[in-house]
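Student: Could you walk me through this structure, starting with how the helices pack?

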Amino acid sequence: MTGGRAARRSYAGAGVDIAAGERAVDLMRAAVARTSRPEVVGGLGGFAGLFDASRLRGFRRPLLATSTDGVGTKVAIAQRLRRFDTVGVDLVAMVADDLVVCGAEPLFMTDYVVCGALVPERVAAIVAGVADGCVQAGCALIGGETAEHPGHFGPDDFDLAGAATGVVEADELLGPDRVEPGDAVIAMGSSGLHANGFSLVRHIVDSPAAGLSLAAQLPGLSRPLGAELLEPTRIYARDCLALASGCDVHAFAHVTGGGLAANLSRVLPPGADAVLDRGTWSPQPVFGLLAQRGGVDSEEMERVFNMGVGMVAVVGRRDADNALRILAAGEVPAWLAGEITHGAGVARLSGRHAGATQPASARRRP
């Protein structure tokens, strides 16, 4: 600067409000405390979350499992609707339900929330959703980070990610090595879209040709489209652990990006196929709505979305009825969807879905 002293600069002047960050921590403190487990040491405010690993002494050969993920562009829908208390549940589901696939119990989780401008109440609502999800999954939220990135994110933009750690006995590890021809395939109903495929969802909703809006009350839906899209992901962790302890489970598959067939194929051995009958369930109406209004063919829908199935269990043939009873006791919609046959390690779907409008969550299988 010529002819004088340079102007004083500050972090706040650059767009980062330290005081707002401190207030956000105060607002989220009670929500985080709800997730605590006996093994958690300390509370918010430390440089690292602490978890007492002496609990692992009771294991013969404990394997630690870890998973990290985000919510993807579903946050853009939350941003548009200014509804911030649900996407945290989605985040927990994405990581905790990946852990449980191998039979691991989720122990603890950390999260990362980044925004363009830190609004304490908004961040607290997001983290409260994460805490709700942790309570559902049975894991502790032991730490996290809130960041403000002005200039990189717009003032209303935000994103979140998280990582979780779990534990499983080595000789109880689930996966392809246990799967064999004759096993039964049990499907568990999703709560809706979950947190995958939202780039396509937004592309459809934003297309003038689709004639959609987030506020629209559309045929087949019991609430506005935006509320339907923000329905939190069902968290299966505790129900899967109960199933694994109560019957002969060989593998789980979490149905996320890639759809049902691709994710189920990940837990099949080279010599076995999974054959599923679409006629055993009906996807929720929102899937048909998106397909029709967006001009998306059925093959693409099944490759992108869960189509009403959020988790799959492969169980011993003799334990199929027992598995369904355990899931019914936990109020998880579940049904016998198919079986494992000799093959080449792929999952195949046959037939047509039963009905086009009845939600899978309403079709309890015996």
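Tutor: In this predicted model, the axes of helix α3 (residues 87–100) and helix α7 (residues 237–246) come within 9 Å and cross at roughly 10°, where axes are lines fitted to C-alpha atoms over the stretch in contact and angles run from 0 to 180 degrees between N-to-C directions. Helices here are DSSP runs of H or I with at least four residues, strands are runs of E with at least two, and both are numbered from the N terminus.

Student: So how are α3 and α7 oriented to each other?

Tutor: They are roughly parallel, a label used for angles under 35 degrees.

Student: Which residues in α3 and α7 meet?

Tutor: A96, D97 and V100 in α3 meet A237, C240 and L241 in α7, with contact taken as heavy atoms within 4.5 Å.

Student: Switching topic, what's the strand order in the open sheet?

Tutor: The order is β3-β6-β4-β5, with mixed pairing; two strands pair if DSSP finds at least two bridges between them. Strands β3 (62–70) and β5 (140–148) stand at the edges with a single partner strand each, so one side of each has no neighbour in the sheet.

Student: And how many bridges join β4 to β6?

Tutor: Ten bridges join β4 (residues 105–115) to β6 (residues 158–169), and these strands run antiparallel; D111 stands opposite G162 in β6.

Conventions. Residues numbered from 1 in each chain as written. Predicted model: local features only at pLDDT ≥ 70, side-chain atom pairs only at ≥ 80, totals over all residues. Heavy atoms only, no water. Parallel < 35°, antiparallel > 145°, perpendicular 65-115°, else oblique.
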